[in-house]
Amino acid sequence: MKTSSRQAFWASILMSFLNHVAATTVLLPNDIQIVAYASDSDSANGDAFAFVTWVDLMPNTQIHFTDKGWMCSGFRSYESELIFTVPANEIIPAGSVFEFDDVKTAEGSEAHLWDLASGSWSLTNSDQIYVYQGSLNSPSFIFAFDTSGGFESCGAVSNSNKGAVPDSLVEGVSAVSFEHQDNFWYRPWYARSATLDTLKEWMVDRNRFKYTSVLATRKNDWEVPPGFTIRSGQRGANGYTEYIPGTAACIIVSGHDGELEPSGILDRNDGCWDGSSCDWSKDCPSQDSSNCRAVVLNDENTQDMARRANDYFEAFTGETCHLIVNRLARVKLDPNREIEQAAQFDQTAIDTYNDFHNFIHDARLAIENDHPCQAGLLIDFHGHSHPEARIELGYKLNSDQLRLDDTAVDGLAYTSSIKNMPTHTGAAFSSLIRGSLSMGALFERPTALNATGYLSVPSPTVPAPGVSESYFQGGYNIETHGSQNSGAIDGIQIEFPRYLRAQEFGMQEDVLTAFGEVVLPEMLDSHYPPDCEVML
């Protein structure tokens, strides 16, 4: 028997054994969630929905879906019921996504997974989907998804397009009602990897879904996520921070794009100037936006960009960076500031701030203790809206310093956030920030969509900002956790222009792919090889 035939034989024996001994999966609330919903349809695009499973599904597991209204004592009559069945020879892994479209699925490769048990599948423009196991008469509920703008009370369910929250589900957690639109789908430019708790929270957040009641938009833009990746990691107090340990000598940080705005934390505001310093108490008597301005707007989409950049890096190299994310909106916490300005004396915000920076500290120690080079690179993701629309790379050098000649800039290495980097290769410091070895040069390499790459500053093309041009030199995170003051972890702040963050999503994917496949791998290979020498 040839090797391939022998492997196929034993694989068939193993699957046959699993079919006989493996129990089907008994699902709990929130093990399944809805990630797409469409009630606008035509002859080519049917009423559709998609679900994700957060647990492995064993062979022959069945999951039921219905758009019947739930009245607490049972379902209303009419409407329809679908049954999804895992094939007898398959185990479906957690994170998998499956779509049903009443026009396309019957002719597609997944038609064998679905059975229309009753009725004719038809979603209205204000409907719901209940997910359960068991039967219509005795359902064990898993999830409920409503598009009418609110669940009804048990006695007020007036038709099959309305429904109540089953007792076993929790509204806002395992039962979600979105303000009405005809169609919803998880935004394609948003991250699809996180810890399990974070992923589940995203699926009940309407802001993470694209929505429309325009058929043409549904037809042209509809995109079901291909799947999700569950990451092992830690979350800080209240789930407001997340640390996903990595395997490579790099740390990716996102602090200015949290999606959570808990009412228990009062909004940050401008501080009060006493003539020499700022009082950041939220109730200080005379706020001064000139001397004590508190920036409260998020750097839109930079959290998802940071997560996706790490995913692209993993897809290309098989390794991941350590990832630390602040999930509080900037109006509640700004972790890229000293603690008084950042948290403004709110204890919950202070705890979150400490979690965020302690996680970065833990990641630094992991690299310094475990990586062969005992050194690495921290990259802090941010966004700007400057008219120059370039990628800005911050090294804790200001515009005036960058406008100096190379010899003068070489003398500034010990004041920068990448002080440690020149010791590895012996390269001139100026070449590391704007020469052929620099991150700016790597961003300006040709990409799939951009023959000239993405203009960056500093770089060989733009060695320094012009006298009248805007530029962010880098903030508290790279000053504190970079190598400027101590340690072997260098820090660079990346500021992405608005068009790459919130307008041109094809280019956003392109630049993140370039980051994961070119920029970061070459930075690590050039500056942090296993045999590098470190000067602390």
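**Note on the predicted model**

1. P139 belongs to strand β8, which covers residues 139–146, and the model in which it is placed is a predicted one. P139 has a relative accessible area of 18% and is therefore buried, since buried means under 20%. Once the neighbours within four places in sequence are left aside, the residues in contact with P139 are W70, F75, Y132 and Q133. L28 is 111 residues from P139 in sequence, while the two C-alpha atoms are 12 Å apart in space.

2. R206 sits in the loop that runs between α2 (196–202) and β12 (209–212). What is the nearest side chain of opposite charge to the buried R206? That side chain is E179, at 4.4 Å, and R206 has no salt bridge, because a salt bridge requires the nitrogen and the carboxyl oxygen to be within 4 Å. The side chain of R206 does, however, reach the backbone oxygen of E179 at 3.1 Å. Neighbours within four places in sequence apart, R206 is in contact with F178, E179, H180, Q181, F184 and Y211.

3. Over the whole structure, 21 salt bridges are found. One of them is formed by the side chains of K219 and D42, at 3.2 Å from N to O. This pair links distant parts of the chain, with K219 in helix α3 (residues 215–221) and D42 in the loop between β1 (32–38) and β2 (48–53), 177 residues apart. K219 is partly exposed, at a relative accessible area of 39%, and D42 is also partly exposed, at 25%.

4. A salt bridge also joins the side chains of R231 and D311, with an N to O distance of 2.7 Å. R231 counts as buried, at 15% relative accessibility.

5. The side chains of R390 and E469 meet in a salt bridge at 2.9 Å, N to O. R390 lies in the loop between β20 and β21 (391–394), whereas E469 lies in the loop between β22 (456–457) and α12 (476–481), 79 residues away. R390 is buried at 7% relative accessibility, while E469 is partly exposed at 29%.

6. The largest pocket holds about 600 Å³ of space. Its lining consists of 25 residues, with V295, D299, R330, G383 and F472 nearest the centre. At least two lining residues come from each of β20 (376–384), β23 (489–497) and α13 (498–503), and β20 gives the most, with three.

Terms used: Residues are numbered from 1 along each chain as its sequence is written. This is a predicted model: local features need pLDDT of at least 70, side-chain atom pairs count only at pLDDT 80 or more; totals for chains, interfaces and linings use all residues. Side-chain values use heavy atoms; hydrogens and water are left out. Helices (H or I, at least four residues) and strands (E, at least two) are DSSP runs, numbered from the N terminus. Buried means under 20% relative accessible area, exposed over 50%, partly exposed in between (1.4 Å probe, protein chains only). Lys and Arg count as positive and Asp and Glu as negative; His and the chain ends are not counted. A polar contact is a pair of N or O atoms within 3.5 Å; within protein, one must be able to donate a hydrogen and the other to accept it, and residues adjacent in sequence count only if both atoms are side-chain atoms. Contact means heavy atoms within 4.5 Å. On a 1 Å grid over the protein atoms alone, a cavity is a set of points where a 1.4 Å probe fits but cannot get out, and a pocket is an open set with protein on both sides within 12 Å along at least five of seven lines; lining residues have an atom within 4 Å of a point. Grid points are joined across faces, edges and corners, and a volume is the space filled by probe spheres set on the points.
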